[in-house]
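User: Hi! I have a structure open and would like to learn how to read it. Could you take me through a few features?

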Amino acid sequence: MNFKFLLLAGGTLLSSTAASAGGYQVTLAGQKNNGMGGVGVGLSLDQAAMFYNPGALAMVKDRGVQLGVNATLARNAFVAEGGSQQRQLRNSTVTPFNLYAGFGPAEGKFRAGIAVYTPFGSKLQYANGWEGRTSLTDITLESIYVQPTFSYAITDQLSIGAGLMILAYGSVNLQRDIPLPDSFGHIELDGKAENKVGYNAGIFFKPSDKLSVGISYRSKIDAQVKDGDVTFTNVSPSFASRFEATKFGATLPLPATTSIGIGIMPNENLTIGLDANFVEWSKYRVLRFDFDKQVNGNTFSESKRFYQDALTFRVGGQYKLTSGLTVRAGGSYDMTPVKDGYVTPETPDNDRISGTLGASYSFGKFGVDLSSQFVSIQKRTQTQQDLLNNGTTDRIAGTYKTNIVIPGLGLNYNF
């Protein structure tokens, strides 16, 4: 038995089948932005600027509170190399949310706020008895970030801002089957992530009423689990002595992201946004697990990842039809950081094409935001020869295809 299989499940230690970004990064941080292809770095739409570009927060006209929630409905299909049976995930729904509150003097030059959002979250349940059951059967992930933010307008055209990104809560549950000579056992990893701190900073420049530009940077955070629980079940007594571990530890890099955005406002009703994101995935080279006791004769194991840096391009727009109704549309193209021969069941990634729609209706100080996204993760095939060439035979050969539908709802109140 090759217990590098254990590491496959760990690839989602603090990750997900990401809804709108490559690898295990998710960007569902603002309901208006979600309807516009995820743009926002070069715009000052609402309080969600705390996530997209803290520098733009000082240019947001209204102070207010807003809450949004999304439902990610994924359909993942897999066909093993040499096989014909299509395997699909058991149905599951994940509901990432966002909450923002922005404050400051009505005519002042600064804004402060607090953001709470869920940038990583997933629930995957592969079909019972699928070919990759010894790589992964189930994963459930939960995470919450809290970001206090401050933004200051240096002039009427230039503003800056920054926030502390606090990994306030993270938990993960990973499961897979263990191949034994006489049966299949089962292993479950369950752990809580330690609190970690990073930062999010940005600059926003609006030289005219028709043009704005923004740059933002979100720092890398190393998400770390210590003293996670290891549980073995259905392991016969004759093999139990080889599976003694009760605790595990592991670290996963959450990569830094540099973004640039442009806003174009041809008239007072139309807004167009263009964003480009550069994610430093190349920091993710190896995933290592350390155990307190042996797992089939070993107290640690490593698995290759060798991710590569990747770009995402976004475009979106909104049009104000009436004093209360605004409609939105957009799209994005996301380049995968996962090289050929390194695809894993928990992140069956490839280049992604997304289309989005959205609408808002405001009445007085209250407003409702609706968004919807369709994400197509392109078909990805890796062969056994690919795995042999890269020394990554701890994962399975075959073809993956994933489509994701993401409806979203937001409520906001301005004061």
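Analyst: Happy to. Accessible areas here come from the Shrake-Rupley method with a 1.4 Å probe, and for residues only the protein chains shown count as cover. On that basis the chain has an accessible surface of about 16600 Å², and 57% of this belongs to carbon and sulfur atoms. This is a predicted model: local features need pLDDT of at least 70, side-chain atom pairs count only at pLDDT 80 or more, and totals for chains, interfaces and linings use all residues. Residues are numbered from 1 along each chain as its sequence is written, and side-chain values use heavy atoms, with hydrogens and water left out.

User: What does the secondary structure of the chain come to?

Analyst: Helices (H or I, at least four residues) and strands (E, at least two) are DSSP runs, numbered from the N terminus. This chain has four helices and 23 strands. Its radius of gyration is 22 Å, close to the 22 Å that the globule rule gives for 415 residues, so the chain is as compact as a globular protein of that length. The radius is taken over C-alpha atoms, and the rule is 2.2 Å times the number of residues to the power 0.38.

User: Which residue of β23 stands opposite Val 65?

Analyst: Two strands pair if DSSP finds at least two bridges between them. β1 pairs with β23 (residues 398–414) in the antiparallel sense over seven bridges, and there Val 65 faces Tyr 413. β1 is also antiparallel to β5 (residues 97–103), over six bridges, with Val 65 opposite Ala 101.

User: And how do I read phi at Asn 296 and Phe 306?

Analyst: Most residues other than glycine have a negative phi, and most peptide bonds are trans. Asn 296 has a positive phi, near 55°; this residue is in the loop between β17 (286–295) and β18 (298–304) and counts as buried at 13% relative accessibility. Phe 306 also has a positive phi, near 50°. Phe 306 lies in the loop between β18 and β19 (310–320) and is partly exposed at 22%.

Note on methods:
Buried means under 20% relative accessible area, exposed over 50%, partly exposed in between (1.4 Å probe, protein chains only).
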